Amino acid sequence: MADEIEQEAQVEVEEVLEESEEQVDEIAEEAAEDVASDDVISEEELDRIADTAIAALEDILKYFNLGEVTIDEYEGDEGELILDITGDDLAVLIGRHGKTLDALQFLISSITSRQIGYRYPVVVDVEGYKNRQREKLESLAHSAAKRALSQGRSIKLRPMTPYERRIIHMALRDNDQVDTGSQGEGAARHVVITPID
């Protein structure tokens, strides 16, 4: 019975992600713009954002019947709020290729944005999964940039989620030898790395 409930919850979360791919793109891009702006958020306001996001996450996690979990909060390198969930047997929260985790992040970001009245980047992670993925994506970005320069042509990466594309863009933003851009629509949207002449 518990397995059926978990599977139903996972399917529902994945459906929300699939139906909302364009909204995910918009939220990720607007959040990146919000962080890029020079607005400074006070500690008090950051605490309010964290409290709102954690409360929403705890409410959703109740439906997964995970037992005892801990949610650690910290600020990321790009000014985002990171909520890292730790506990036993949390694979159901990650899902296949991180799809469930992406959907969970989308839900938490949407709820938090609606409740605080503006968008602030919130990253939901499970036992450092996204951090490990981030390191892999940054490595991919740098190797693709080297390949673009050595071959003298644009390199098209595989389709990625808005969050993954943002990592690629951020990893190469200080590289003045290449330019990055996103192309395609919906689930086929991907990053293109182009050498600058």
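Colleague: Which element gives the largest share of the negative patch?

Modeller: Helix α3 does, with 4 residues. Helices here are DSSP runs of H or I with at least four residues, and strands are E runs of at least two, numbered from the N terminus. This is a predicted model, so local features need pLDDT of at least 70 and side-chain atom pairs 80 or more, while totals for chains, interfaces and linings use all residues. Residues are numbered from 1 along each chain, and side-chain values use heavy atoms, without hydrogens and water.

Colleague: What makes Glu43, Glu44, Asp47, Asp51, Asp72, Glu73 and Glu75 a negative surface patch?

Modeller: Asp and Glu count as negative, and patch members have over 30% relative accessible area and no salt bridge, with like charges joined within 9 Å. A salt bridge would be a Lys or Arg side-chain nitrogen within 4 Å of an Asp or Glu carboxyl oxygen. Those seven residues form such a patch, and α3 (43–61) and β1 (69–75) each supply at least two of its residues.

Colleague: Why is Glu43 called exposed?

Modeller: Its relative accessible area is 58%, and exposed means over 50%, buried under 20%, with a 1.4 Å probe and protein chains only. Therefore Glu43, with 58%, counts as exposed.

Colleague: How do you know that β1 and β2 pair?

Modeller: Pairing needs at least two DSSP bridges; 7 join β1 to β2, so they pair, and they run antiparallel. Tyr74 stands opposite Ile82 in β2.

Colleague: What makes β2 mostly covered?

Modeller: In β2 (residues 81–87), 5 of the 7 residues are buried.

Key. Patches are made of residues with over 30% relative accessible area and no salt bridge: like charges are joined within 9 Å, nonpolar side chains (Val, Leu, Ile, Met, Phe, Trp, Tyr) within 5 Å. Accessible areas come from the Shrake-Rupley method with a 1.4 Å probe; for residues, only the protein chains shown count as cover. The place of a charge is taken as NZ of Lys, CZ of Arg, CG of Asp or CD of Glu.
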